[in-house]
Amino acid sequence: MSFLSFSRVLGAMAAAAAMFFSPAGMTQGAPAAKAKYFEINPAQPTEPGKIEVLEFFSYACPHCAVLEPLFEKWTKTLPANVIVKSVPVAFNASMKPMQQLFYALEAMNRLDLHPKVFQAIHEEKKKLFTKAEISAWVVTQGLDRAKFEAVFDSFGVTSQSTRADQLATAYKIQGTPSIAVAGRYVTSPSEAGGYQETIDVAAERIKSLASDKK
């Protein structure tokens with residue numbers, strides 16, 4: 001699936017995202033979708049002895065905004081041997097600031113603002129797509145502008161953003177949200193057939209992997 005540039009109007013982007021999760025899109029290629037996930041070949045390296053779960057998302061994605069609270073609730077039920085990481089995806093250069101926003105909040109130990117970013121964009125209809133817009137918003141959330149921008153532009157955040165791009169390529173991420181399990185499986189609402197179904201498929205993959213190790 002191709003994604004429209006964010007230099008175009010947000011409405012066009014939302015329409016493209018809607019097409020990604022449309023019933024027609026889910027029906028197309030139905031035989032391949034029966035597995036409700038696809039396998040990564042080659043499998044990606046993960047931490048030995050752990051099951052890694054990666055959540056590929058974009059703050060601009062309306063479907064990510066819906067899945068996020070379900071994903072957050074689910075991750076709290078996972079066993080200690082499951083490692084969960086969120087990976088912000090930038091399909092083009094105009095999406096990089098939102099990618100940096102996530103890693104800046106993480107570096108500042110302010111991921112409590114993570115769900116509020118979705119709320120600001122999708123419920124309050126705020127534009128948080130540029131560094132200037134993002135900086136102005138985080139100030140309203142109590143962050144110091146200078147400190148935030150220093151972290152936002154830091155080598156650490158830039159490096160993490162580059163790594164996120166590499167992961168999205170390695171896992172063949174074509175749309176968001178997508179959930180990867182153990183470096184081997186990827187599912188999404190279009191693959192699984194819905195938001196909760198995405199969580200259920202990821203949970204089933206984890207359970208299957210745990211059973212294989214017994």
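Me: Is Lys36 buried, partly exposed or exposed, going by its relative accessibility?
Reply: This is a predicted model, and Lys36 lies in its loop between helix H3 (30–33) and E1. Lys36 has a positive phi of about 70° although it is not a glycine. Buried means under 20% relative accessible area and exposed means over 50%. At 39% relative accessibility, Lys36 therefore counts as partly exposed.

Me: What relative accessible area does Lys172 have?
Reply: Lys172 is found in the loop between H9 and E4. Its phi is positive, about 55°, although Lys172 is not a glycine. Lys172 counts as partly exposed because its relative accessible area is 41%.

Me: Which loop holds Pro177?
Reply: The peptide bond from Thr176 to Pro177 is cis, with omega near 0°. Pro177 sits in the loop between helix H9 (155–170) and E4.

Me: Where is Pro42?
Reply: The peptide bond leading from Asn41 to Pro42 is cis, with omega near 5°. Pro42 is placed in the loop between E1 and E2.

Me: Which strands are the edge strands of the open sheet?
Reply: Five strands form the open sheet, with mixed pairing and in the order E1-E5-E4-E2-E3. An edge strand here pairs on one side only, which holds for strand E1 (38–39) and strand E3 (82–88).

Me: How many residues of E2 are buried?
Reply: From E2, Ile51, Val53, Glu55 and Phe57 point one way. Glu52, Leu54 and Phe56 point the other way, and all of these residues are buried. E2 is largely enclosed by the rest of the structure, because the buried residues number seven of the seven.

Me: Which residue is the bridge partner of Leu54 in E3?
Reply: E2 and E3 run parallel and are joined by seven bridges. Strand E2 (residues 51–57) also pairs with strand E4 (residues 178–181), in the antiparallel sense over four bridges. On the E4 side, Leu54 stands opposite Ala180. On the E3 side, the bridge partner of Leu54 is Lys85.

Me: Which residue in the hairpin of E4 and E5 takes a positive phi?
Reply: The hairpin has three residues between the strands. The residue with a positive phi near 60° is Ala182.

Me: Is Gln100 buried or exposed, and at what relative accessibility?
Reply: Gln100 lies in helix H5 (residues 96–107), and H5 lies across E2 and E3, at about 140° to E3. Leaving aside neighbours within four places in sequence, Gln100 is in contact with Phe152, Asp153, Val157 and Ser161. The cut-off for buried is under 20%. Gln100 therefore counts as buried, at a relative accessibility of 15%.

Me: How do the residues of the contact of H4 with H6 divide by type?
Reply: H4 passes H6 in a left-handed crossing. H4 contributes Pro62, Cys64, Ala65 and Glu68 to the contact, and H6 contributes His114, Phe118 and His122. By type, these residues divide into four nonpolar, two polar and one charged.

How values were computed. Residues numbered from 1 in each chain as written. Predicted model: local features only at pLDDT ≥ 70, side-chain atom pairs only at ≥ 80, totals over all residues. Heavy atoms only, no water. Left-handed = near helix turned anticlockwise from the far one by under 90°. Helix = DSSP H or I, 4+ residues; strand = E, 2+ residues; numbered from the N terminus. Contact = heavy atoms within 4.5 Å. Nonpolar A, V, L, I, M, F, W, Y, C, P; charged D, E, K, R; others polar. Buried < 20%, exposed > 50% of the residue type's maximum accessible area, 1.4 Å probe, protein only. Pairing = 2+ DSSP bridges. Axes fitted to C-alpha atoms, helices over the stretch in contact; angles between N-to-C directions.
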